[in-house]
There are 2 protein chains.
Amino acid sequence: MFVILVYDAGEKRVQKFHKACKKFLHWVQLSVFEGELSKAQLEQLKFELKALMKPEEDSVIIYTFRTRHYFSREVMGKKKGDPDSIFV
Amino acid sequence: MFVILVYDAGEKRVQKFHKACKKFLHWVQLSVFEGELSKAQLEQLKFELKALMKPEEDSVIIYTFRTRHYFSREVMGKKKGDPDSIFV
């Protein structure tokens, strides 16, 4: 499935969130990641984020799609994230 | 159409971005907005963001969908954004 993940984490945890997400997804903007994941990979990522997060302070929103064909995507301004990402 | 918009703007422009996006969309996380827009409304929002942004520093990614039925959405941790949003 295709995944878009956005997070908002406390300053001390931002780098850890980034590192966990980068293991599974492509970095496309400050705290935005995208990519194709299996159900098992998504569960693993959620497990890792749950272990890192302070649920009373941090927030993660995960959008999942069967395929990439259901949405279009437009970037305005600077392209941030992985320079080698196929999505950027 | 349904829109998910994420931005990363310089500190001086963050509040202006927020204000422009809130005119059209529901605030769901730090720099993440969602909502139903007509094509004309989306064009107006893009026009306003273009006028605010420094394209060499700021970034906006806009995902558009024909309907909300093509994705599922999960929130982990704290629900941020508008307390009255139907999406939060």
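Student: Which residue stands opposite B:Q29?

Tutor: Two strands count as paired if DSSP finds at least two bridges between them, and the strands themselves are DSSP runs (E, at least two residues; helices are H or I, at least four), numbered from the N terminus. In this predicted model, B:Q29 stands opposite B:V32 in β3(B), where β2(B) and β3(B) pair in the antiparallel sense over three bridges and a hairpin of two residues joins β2(B) to β3(B).

Student: What should I know about the numbering and the limits of the model?

Tutor: Residues are numbered from 1 along each chain as its sequence is written, while chains are lettered from A and ligands numbered from 1 in the order in which they are written. Because the model is predicted, local features need pLDDT of at least 70 and side-chain atom pairs count only at pLDDT 80 or more, whereas totals for chains, interfaces and linings use all residues; side-chain values use heavy atoms, with hydrogens and water left out.

Student: Which strand of chain B do the bridges join to strand β4 of chain A?

Tutor: Strand β4 (residues 59-65) of chain A is joined by seven bridges to β5(B), and the two run antiparallel; within this pairing, A:V60 stands opposite B:M76.

Student: How many residues does each chain give to the contact, and what area do they bury?

Tutor: Contact means heavy atoms within 4.5 Å, and buried area is the accessible area (1.4 Å probe) that two parts lose on being put together, summed over both. Here 34 residues come from chain B and 34 residues from chain A, and the two chains bury about 3200 Å² between them, 54% of it on carbon and sulfur atoms. B:Q29, B:Y63 and B:M76 supply 23% of the area that chain B buries against chain A, more than any other three residues.

Student: How are the two chains related?

Tutor: Copies are superposed by least squares on the C-alpha atoms of residues with pLDDT of at least 70 in both. A rotation of 180 degrees with 0.0 Å of shift along its axis superposes chain B on chain A (RMSD 0.0 Å), and the copies are thus related as by a two-fold rotation axis.
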